[in-house]
Amino acid sequence: AANAGLLAWRSGWRPRRTLSVAALRPLVRFALPNAAMHTLSGARLQGFTMLVAGLLGLTAAGYVNMAFRLVTTPQVILNLQLMNLGFPVLARQQADRVALTEAYRLVTKMVTTAALPIFAGLALVAGDVVPLVLGPGWMPSVPLLQILALGAALGFLRLAGSFLLRALGHVRFSFHNAVILLVLTLGGLLLLRPSDPAQAVVLWVLPAMVT
């Protein structure tokens, strides 16, 4: 509120009290698929957790949930920060193909330098991290954490491409990707009915590798 007030005071500009539906259309075309994509991503995670609990029991679901907390929480935070850095870099070069190519290379370097060592390293030291952070009773989460961490590391390889498509206004590809992940993950659990938490986590990671 203070920033907005200062800006209004210094600029002297005031918005007109008019509504242009036509001006909102480009925003809606971008915002609605983007919101739907995030909704599907959330539904995939919730559906996965419920199916694991139903197929393997609450104890297995607890180990899976804790592995997710240790991997996906930093993954989401890092993804958001990279988005805040990379998206504007790509978006402002939309009109210049050469500059856009260089910006894409820069964002790819940013993503791989920041993300790959973190999650590949987490997979390597999971056997030490879990008992240190959670205690020895959570050791069954170690292989689950390793699978998720390696999947996250590989998943970051396509992040710059996702940023590029969104910067060019092609949100439908991210939406289609979210639909595919949801269908393959939940469908795989229902069809294959894994008997082990590690198998279930592999079914979470594999669809992302395909897309």
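Colleague: How do H8 and H9 cross, and within what distance do their axes come?

Modeller: In this predicted model, the axis of helix H8 (residues 171–192) comes within 9 Å of the axis of helix H9 (residues 197–210), and the two cross at roughly 150°.

Colleague: Are they roughly parallel or roughly antiparallel, then?

Modeller: Angles over 145 degrees count as roughly antiparallel, and H8 and H9 are therefore roughly antiparallel to each other.

Colleague: Is the crossing left-handed or right-handed?

Modeller: The crossing of H8 and H9 is right-handed.

Colleague: Which residues meet there?

Modeller: H8 contributes Leu181, Leu184, Thr185, Gly188, Leu189 and Leu192, which meet Ala200, Leu203, Trp204, Pro207 and Ala208 of H9. By class, this contact has nine nonpolar residues and two polar ones, with no charged residues.

Colleague: Turning to the largest pocket, how much space lies in it?

Modeller: The largest pocket holds about 1,300 Å³ of space. It is lined by 43 residues, of which Ser41, Gln75, Val76, Asn79 and Arg158 are the closest to its centre.

Colleague: How do the lining residues divide by class?

Modeller: The lining of the largest pocket has 22 nonpolar, 17 polar and four charged residues.

Methods. Residues are numbered from 1 along each chain as its sequence is written. This is a predicted model: local features need pLDDT of at least 70, side-chain atom pairs count only at pLDDT 80 or more; totals for chains, interfaces and linings use all residues. Side-chain values use heavy atoms; hydrogens and water are left out. Axes are lines fitted to C-alpha atoms, for helices over the stretch in contact, and angles run from 0 to 180 degrees between N-to-C directions. Helices (H or I, at least four residues) and strands (E, at least two) are DSSP runs, numbered from the N terminus. Angles under 35 degrees count as roughly parallel, over 145 as roughly antiparallel, 65 to 115 as roughly perpendicular and the rest as oblique. A crossing is left-handed if the near helix is turned anticlockwise from the far one by less than a right angle, and right-handed if clockwise. Contact means heavy atoms within 4.5 Å. Ala, Val, Leu, Ile, Met, Phe, Trp, Tyr, Cys and Pro count as nonpolar, Asp, Glu, Lys and Arg as charged, and the others, Gly among them, as polar. On a 1 Å grid over the protein atoms alone, a cavity is a set of points where a 1.4 Å probe fits but cannot get out, and a pocket is an open set with protein on both sides within 12 Å along at least five of seven lines; lining residues have an atom within 4 Å of a point. Grid points are joined across faces, edges and corners, and a volume is the space filled by probe spheres set on the points.
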